[in-house]
Amino acid sequence: MKYFDYAASTPPSKETLEIYVDVSTHIYGNPGSVPEAYILEQKCHQDILEALSLEQTCDLIFTSGGTEANNLAIMGTIKHKIPKNSHFITSNFEHASVYDVFEHCAIGNKISHAPINENGYVKIEEFKRLLQPNTKFISIMHVNNELGTEQPIKELYNIAKAYNPNIIFMVDMIQGLGKVKALTFVPDIVTISSHKIYGPKAVGAVILKKDLALTKIIYGGNKENGQRGGTQSLPAQAGFARSVQTICKNLDVYLAQVKLVKDYFEKEVIKLPKISLNATSDANVVSIFIDIDKLAIQGVKDLMDLGVVISTKSADSNLTKYSRSLKAINLSDYRCERTYRISFSHHVTINDIDILLSSLEKFLENEK
């Protein structure tokens with residue numbers, strides 16, 4: 001079985017698994033009570049910040065994953081530190097763990113959604129027009145998880161800060177870390193997740209500037225400097241730290257390999273009948289439309305029978321009828337229902353792509 005769903009999850013590397021097992025075996029005490037465990041956890045904080053060149057400007061809070069990281073970053077700021085009747089901005093195609101949280105925080109506040117153009121990018125001029133005197137918090141994703149488009153984050157950040165330097169600007173970097181070049185500036189808040197970068201599942205982080213602090217949303221303890229309740233998963237944190245270090249150290253090599261296979265796939269796949277691209281991707285994700293009667297939700301199962309694993313959309317949006325990312329770029333319902341998400345890794349080779357193309361060709365032949 002060939003795997004092409006790296007936007008959903010990546011396999012943990014051998015090194016991070018070894019670290020996970022080693023820490024589980026030898027340092028199994030609670031960081032809140034065992035000095036050796038506490039020291040290691042603090043080192044994990046520092047290792048991630050140093051790998052991202054943020055050790056001088058930011059602090060880090062470990063979470064149970066990307067979803068909790070986004071929830072904590074938004075609710076930990078909005079619900080307790082920003083007065084009611086404030087204005088927040090996000091985009092039409094954020095991940096559910098951002099979009100749904102803003103919907104939850106809408107009572108007593110105003111939420112504006114920055115529209116997306118047909119190519120999959122936030123519309124700059126319309127973003128400018130959304131800014132208001134009472135705009136307090138903005139969250140825009142770094143890379144869209146279904147289209148692979150890298151948003152003009154630095155430009156949006158500069159626009160917001162020029163309007164009001166006190167606006168808090170958050171970047172969901174969960175799909176961006178390791179998939180595109182690193183940001184060249186420091187947002188107020190950044191979220192990342194381990195299982196997207198070949199680390200263990202069930203661990204993520206909120207990174208925030210040192211002058212900021214969050215109010216915890218999980219009660220029952222005072223971990224992470226009082227900003228989170230719950231016992232830490234030290235083995236996962238140690239594996240996560242190593243995965244961040246590895247990604248940052250090898251980023252140029254990884255990106256070059258992904259570009260090689262992605263460019264080859266995009267060039268060859270449109271030669272197949274009934275297949276076209278939905279957007280131009282900047283990352284490791286390719287969104288394709290297959291114009292046949294069969295819906296993508298069934299087509300994914302058929303392709304799995306042919307030996308390849310791809311997906312239709314974000315795994316966290318499967319209960320919604322149509323992908324918000326696809327609707328944001330004005331795709332018809334018909335096209336949304338026949339769209340597939342394919343995502344690559346530096347582990348993928350040209351030979352793997354040939355197998356994928358062959359499977360797609362067989363799938364189309366079976367549908368004649």
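Student: Which residue just after α2 takes a positive phi?
Tutor: This is a predicted model, in which local features need pLDDT of at least 70, side-chain atom pairs count only at pLDDT 80 or more, and totals for chains, interfaces and linings use all residues. Residues are numbered from 1 along each chain as its sequence is written, and side-chain values use heavy atoms, with hydrogens and water left out. Helices (H or I, at least four residues) and strands (E, at least two) are DSSP runs, numbered from the N terminus. Just after α2, a positive phi of about 60 degrees is taken by S53.

Student: How far does α2 reach from its first C-alpha to its last?
Tutor: Helix α2 covers residues 35-51, which is 17 residues. The expected span is 1.5 Å times one less than the number of residues. For α2 the expected value is 24 Å, and the helix comes close to it, reaching 24 Å.

Student: Which residues of α2 are buried?
Tutor: Buried means under 20% relative accessible area, exposed over 50%, and partly exposed in between (1.4 Å probe, protein chains only). What covers the buried residues of α2 includes α1 (14-26), β2 (58-63), β7 (189-193), β8 (204-209), α7 (223-226) and α8 (234-249). The buried residues themselves are A37, L40, E41, C44, H45, D47, I48 and L49.

Student: Within what arc do the buried residues of α10 fall, seen down its axis?
Tutor: In α10 (residues 296-305), A296, G299, V300, D302 and L303 are buried. Taking the directions from the helix axis to the C-beta atoms, these residues line one face of the helix, because they fall within an arc of 165 degrees.

Student: Which residues on the other side of α10 are exposed?
Tutor: The buried residues of α10 have cover that includes β11 (308-309), β12 (339-343) and α13 (350-366). On the other side, the exposed residues are I297, K301 and D305.

Student: Is Y198 buried or exposed?
Tutor: Most residues other than glycine have a negative phi. Y198 is not a glycine, yet its phi is positive, about 70 degrees. Y198 is found in the loop between β7 and β8. Its relative accessibility is 9%, so Y198 counts as buried.

Student: And is N85 buried or exposed?
Tutor: N85, also not a glycine, has a positive phi of about 65 degrees. N85 is found in the loop between α3 (66-81) and β3 (87-91). Its relative accessibility is 61%, so N85 counts as exposed.

Student: What is F265 in contact with, leaving aside its neighbours within four places in sequence?
Tutor: Contact means heavy atoms within 4.5 Å. By that test the partners of F265 are V286, I288, I342, F344, I353, L356, L357 and L360.

Student: What is the radius of gyration of the protein?
Tutor: The protein has 13 helices and 12 strands. The radius is taken over C-alpha atoms, and the globule rule is 2.2 Å times the number of residues to the power 0.38. For 368 residues the rule gives 21 Å, and the protein is as compact as a globular protein of that length, because its radius of gyration is close to that, at 21 Å.
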